[in-house]
Amino acid sequence: MRSPYTNLPPRAFWRTGVTSQEPESIAELYRPKFPITSRTRVATAGSCFAQHIAKHLRARAFSVVDAEPAPAGLDANSAAQFGFGLYSARYGNIYTARQLLQLFREAEGTFRPADFVWQKDGRYFDAMRPSVEPGGLSKADFVRNCRAYHLRHLPAIFETSDVFVFTLGLTETWMHAPSGTVYPTAPGTIAGCYDPAVHQFRNLTFQEVYGDLVEFIALAERQNPDLVFLLTVSPVPLTATATGNHVLAATTYSKSVLRAVAGQLSEERENVDYFPSYEIITGAQSRGRFFSDNLRSVTPQGVSAVMDVFFAAHGTGEIPLQPWPVDDTEQHASSPPSYNDEDEVVCEEILLDAFAG
């Protein structure tokens, strides 16, 4: 009697597909639906971990769309601290699919965020991207003008890109309850003031995340029918949870939902693919070696393992690395967030660790 498992390829079995493989280079873990070459125009967005993608693409001389470049003369480290060059526009970290959808609906004029100018110590911040001006601005009108300028650049991302890479990071978010506006950080973390009568915690479900991405993809396809999408899931655990559950269980829920949504869309749509950065870092085969001592930050070796799989699958592993500036500045509590020696990314969520007591 033949078994349906007879003659399946090595990748189908744990012993041959995982145990006997090198954790940095598991064969056929990623089999791309569509090619990405150095001439492919790639746009990026997502949570903190997504910053590594654009950095490594640029280091290998790939064509990364930058619709909102830094002013001439601004050095690379200063540019990153002010949100330039991290992604394909200066939108900062986009942690949830709801935030992504909201942003691009705002750019097309069908959504307007509520209460997006936050204040702290006499300075004003854009609540929708609080990290792009670490010290805030001197007037609320400056925030509004800067945001209007930013939004004018977003349509060019769709118009000029071949691939849109989005890294899903969180399901937990804070919402302006009367309007439904979601924020990348809780009010009171970087700026603003938390009001329990106005600000509501939400932990988005599979159906909500899936629906938000479906709507976003439809929006993008209207502007560029040839655009394809590459989804990833950040392997970085939650810094903190507001669910009332243990942060470990909350992390498992969040990442499970995001991975399931990415997988569902990849199965359903020819123009959506999934890249397994989450599995490379968190899978049993890594034996935890890709996390630093805090069990949260991904080590440079882990990031390299992820990107090596990506480039090898696209036949570009032989392209030599180009020089890329390495930041060695320290993170100062007086002007968060900025680069830090530990994870070298600009990340608002890590500031929640200060509330751990």
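These legends describe close-up views of a predicted model. Residues are numbered from 1 along each chain as its sequence is written, and side-chain values use heavy atoms, without hydrogens or water. In this predicted model, local features need pLDDT of at least 70 and side-chain atom pairs pLDDT 80 or more, while totals for chains, interfaces and linings use all residues.

View 1. The structure holds five cavities of 30 Å³ or more. A cavity is a set of points, on a 1 Å grid over the protein atoms alone, where a 1.4 Å probe fits but cannot get out.

**View 2. Lining of the second largest cavity.** Lining residues have an atom within 4 Å of a point. Among them are R90, Y124, F125, D126, R129 and C146. β4 (123-126) and α5 (140-153) each supply at least two. β4 gives the largest share, three residues. Helices (H or I, at least four residues) and strands (E, at least two) are DSSP runs, numbered from the N terminus. Seven lining residues are nonpolar, four are charged and none is polar. Nonpolar means Ala, Val, Leu, Ile, Met, Phe, Trp, Tyr, Cys or Pro; charged means Asp, Glu, Lys or Arg; the others, including Gly, are polar.

**View 3. The open sheet.** Five strands run in the order β2-β1-β5-β9-β10, with parallel pairing. β2 (63-64) and β10 (272-274) are the edges; each has a single partner strand, so one side of each lacks a neighbour in the sheet. Strands pair if DSSP finds at least two bridges between them.

**View 4. β1 beside β2.** β1 (residues 41-46) pairs with β2 in the parallel sense over two bridges. R41 stands opposite S63 of β2.

Conventions. On a 1 Å grid over the protein atoms alone, a cavity is a set of points where a 1.4 Å probe fits but cannot get out, and a pocket is an open set with protein on both sides within 12 Å along at least five of seven lines; lining residues have an atom within 4 Å of a point. Grid points are joined across faces, edges and corners, and a volume is the space filled by probe spheres set on the points.
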